[in-house]
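Please keep the sequence and the model in view while reading.

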Amino acid sequence: MRVTGGPAQDRGARRSLVALLAAHAISQTGNVVTAFAVPFYVLGQGGSGVEVGLAAFFATAPVVLGGVLGGVVVDRVGHRRAAIIADLASGVTVLAIPVLALTVGLPFWALLSLVFAAGLLDTPGQTARRVMLPGLSMRAGARLEQSVGLLDGSERFAKLIGASVAGLLVAVLGPVAALFVNAATFLVSAVLTWVGVDQIRAVLLPGSDDIGSAPGGVPLRTSYWADLAQGFRFVVADPLMRLIVGLVLATNLLDAARGSTLLPLYANDRLGGAAALGLLVAVMGGCALIGNIAFGFVAHRVPRRVTFALCFALAGGPSSAAFAFGAPLPVLVALTALSGLAAGAINPILGTVELERIPEHLRGRVFGLINAGAWAGVPFGALLGGIAGDTIGLPMAFGIVAVLYTMITLSPLTGGTWRQMERRDAAAVTRSEAAPAERALP
């Protein structure tokens, strides 16, 4: 990849990068509001912990399906178009939830159908924005670790703002009103992408927004299923990608059990409701944003593997243990803050490693498959969390999460293939852009 163009083009790239990050943050804010409003709507209708878990299952299961099938669509229809369509579709389906609830009624099966539809294009939309990032960031003069950190930071910022707003909306006006705000965020994100995308297109690498393009912008006349199989072969052939997917699958399952069901149940039962949950999620998001910013200054100097493992363990283990022991709210807030600071380093490292290893023309489908694999456990984690909360109790459930999370996230310290996470030189990255999809990268 080469940087081309003069200073004016660089200024345009920086403006476009801001637009991309803002659209991503706004879209993710909508997801945070959904994650708050739906469980409290179910509880407000007299639902049980299992029903909360079932609603979370239907909200996250389409993420896996959309990741598997949507990545090729992103590569084919164009990244800008895919991001806009995803936001509009999510907004319309989310809007249908409060409209039906206030008019003809919303039975539980209809709620499940709508949250499933709302999440179906969420992963392709996120993938589309992520695939636009590398070439745009290079022309804006940002290091790859920094640009990925900015994207992750925009998600953390969305959690900070979205959790605070959602907690207040649910507590004061109820979950139905919160979902109206949610639908509006998706519309704003789509409009921002539409308005800013001409600048983004101007600085993308050649062929990166073409349908089925190969390196150099040469169109590939292959079938949808052939493209999907090509991305699948790349993921299977790369040993580090396999380890990453497995680790993140397991931790996302535990995070879903904790965040989608156990935390709402705990907040509703012991902390007074949505406002306390909003405080905890906001602290997590705010501290993770600070961690993102701080890590951006040292990302190119620290060893990736050790930093990744230690920060990942701190991001989930101590805070889950605090809930298991019934710690008071100030302690929960403090340990949640520690988790957030540590979490700020995780996604920038993962995203950078993935972008270094995936050829540009395969990024849409490969990112979709990686995300689908990583999220495959999320629906089951949410459902299992609800079952655990109703059967073995909240303290025991949080304790199991704390132990398993710590053991799994420290596994990269064992070495082996995990050593391939370390920084690669510029020549290796350049070769990866032209590597065939079926070849495992060194």
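Predicted model: local features only at pLDDT ≥ 70, side-chain atom pairs only at ≥ 80, totals over all residues.

R258 forms a salt bridge with D255, and the closest N and O atoms of the pair are 2.5 Å apart. Both residues belong to helix α10, which covers residues 239-271. They are separated by 3 residues, about one turn of the helix. D255 has a relative accessible area of 23%, so it is classed as partly exposed.

## Other salt bridges

A search of the whole structure finds 5 salt bridges. One of them joins the side chains of R129 and D87, with an N to O distance of 3.5 Å. This pair links distant parts of the chain: R129 lies in helix α5 (residues 122-131), whereas D87 lies in helix α3 (residues 79-102), and the two are 42 residues apart. Are these two residues buried or exposed? Both R129 and D87 are buried.

Another salt bridge is found between the side chains of D269 and R270, at 3.4 Å from N to O. With a relative accessible area of 56%, D269 is exposed, because the exposed class begins over 50%. R270, at 44% relative accessibility, counts as partly exposed.

## A nonpolar patch on the surface

Which residues form a nonpolar patch on the surface? The patch consists of L65, V68, L69, I85, L120, L121 and W225, which together have about 580 Å² of accessible area. Helix α2 (residues 49-77) supplies the largest share of this patch, namely 3 residues.

I85, a member of the patch, is located in helix α3. The relative accessible area of I85 is 44%, and I85 is therefore partly exposed.

## The protein as a whole

The protein contains 18 helices and 0 strands. Of its 442 residues, 57% are buried. The accessible surface comes to about 17,100 Å², and carbon and sulfur atoms account for 70% of that area.

Contacts between residues at least 6 apart in sequence show how the chain is connected: 88% of them join residues at least 24 apart.

Key. Residues numbered from 1 in each chain as written. Heavy atoms only, no water. Salt bridge = Lys/Arg side-chain N within 4 Å of Asp/Glu carboxyl O. Helix = DSSP H or I, 4+ residues; strand = E, 2+ residues; numbered from the N terminus. Buried < 20%, exposed > 50% of the residue type's maximum accessible area, 1.4 Å probe, protein only. Contact = heavy atoms within 4.5 Å. Areas by Shrake-Rupley, 256 points an atom, 1.4 Å probe, with all protein chains shown as cover. Patch = residues over 30% accessible without salt bridge, like charges linked within 9 Å, V, L, I, M, F, W, Y side chains within 5 Å.
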